[in-house]
Amino acid sequence: MSKNKKFSRTENNMLLAIIGDEETVTGFLLAGIGERNENSTNFLIVNSTTEKPQIEDFFKSLVSRKDIGIILISQHVAETIRETLDAYDEIIPTVLEIPSKNHPYSIEKDSVMQRALRQLYGQNIPEDLK
């Protein structure tokens, strides 16, 4: 493989986006998912001064972009905009709630997983999955 070859994104490649606390977002950025151009980024660091409308607006901007395939959102941030997430029902971009360093993941709070379990099991969701 030539050392001069570089990965270049085409219109068929989709990005991963991340919304979360500083540690979570930084970890994903260090793994190489970050993209910043003159108009936008694919990440949002949420802290104690970040307001709900700002998170909602950023989420809505991500789901309207054609270059985003998956949106990862820390579950404690997702709780802030739960109504917006519950109203979102598209397949792409796919929204996945993830744990963060100080906030463990809870399947009961994840509306996407609860919807998937209801489709899979109906009302007979096994106790160990609730």
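The legends below describe close-up views of a predicted model.

**View 1. Overall arrangement of the predicted chain.** The protein holds five helices and four strands, and from the N terminus on these elements follow the order β-α-β-α-β-α-α-β-α. Of its 130 residues, 37% count as buried, and the accessible surface comes to about 8700 Å², with 52% of that area belonging to carbon and sulfur atoms. Among contacts with a separation of 6 or more, 60% are accounted for by residues 24 or more positions apart.

**View 2. Helix α2 and its buried face.** Helix α2 has 13 residues, which at 1.5 Å a residue should span 18 Å, and the computed distance of 18 Å between its end C-alpha atoms agrees with this expectation. Within α2, the residues I55, E56, F58, F59 and L62 are buried. Seen down the axis of α2, these buried residues fall within an arc of 165°, so they line one face of the helix. The elements against which the buried residues of α2 pack are β1, β2 (43-45), β3, α3, α4 and β4.

**View 3. The largest nonpolar core and a separate one.** The largest nonpolar core contains 18 residues, of which I19, I55, F59, L62, I71, I73 and V95 touch the most other members. Two or more residues are given to this core by each of β1 (15-20), α2, β3 (68-74) and α3 (75-80), and the largest share, four residues, comes from α2. Leaving aside neighbours within four places in sequence, I19 is in contact with a set of residues that includes V25, L44, V46, I55, F58, F59, L62 and I71, and L72, I73, S74 and V77 are also among the contacts of I19.

**View 4. The aromatic pair F59 and Y88.** A search of the whole structure finds one aromatic pair. The ring centres of F59 and Y88 are 5.7 Å apart and the ring planes stand at 85°, an angle over the 60 degrees required, so the pair is classed as edge-to-face. The pair links distant parts of the chain, with F59 in helix α2 (residues 52-64) and Y88 in the loop between α4 (82-87) and β4, 29 residues apart. Both partners fall under the 20% cut-off for burial, because F59 has a relative accessibility of 1% and Y88 one of 13%.

View 5. V95 is placed in strand β4 (residues 94-98) and, at 7% relative accessibility, counts as buried. Leaving aside neighbours within four places in sequence, V95 is in contact with F59, I71, I73, L85, Y88 and V112, a set that contains both members of the aromatic pair. Between V95 and F59 the separation is 36 residues in sequence, while the C-alpha to C-alpha distance is 9.9 Å.

View 6. I92 and P93 are joined by a cis peptide bond, with omega about 0°, whereas in general most peptide bonds are trans. P93 lies in the loop between α4 and β4, and Y88 of the aromatic pair is in the loop between α4 and β4 as well.

Technical notes. Residues are numbered from 1 along each chain as its sequence is written. This is a predicted model: local features need pLDDT of at least 70, side-chain atom pairs count only at pLDDT 80 or more; totals for chains, interfaces and linings use all residues. Side-chain values use heavy atoms; hydrogens and water are left out. Buried means under 20% relative accessible area, exposed over 50%, partly exposed in between (1.4 Å probe, protein chains only). Contact means heavy atoms within 4.5 Å. Rings of Phe, Tyr and Trp (its six-membered ring) pair if their centres lie within 6.5 Å; planes under 30 degrees apart count as stacked, over 60 as edge-to-face and the rest as tilted. A nonpolar core is a set of buried Ala, Val, Leu, Ile, Met, Phe, Trp, Tyr and Cys residues joined through side-chain atoms within 4.5 Å. The expected span of a helix is 1.5 Å times one less than its number of residues. The arc is that of the directions from the helix axis to the C-beta atoms. Accessible areas come from the Shrake-Rupley method with a 1.4 Å probe; for residues, only the protein chains shown count as cover.
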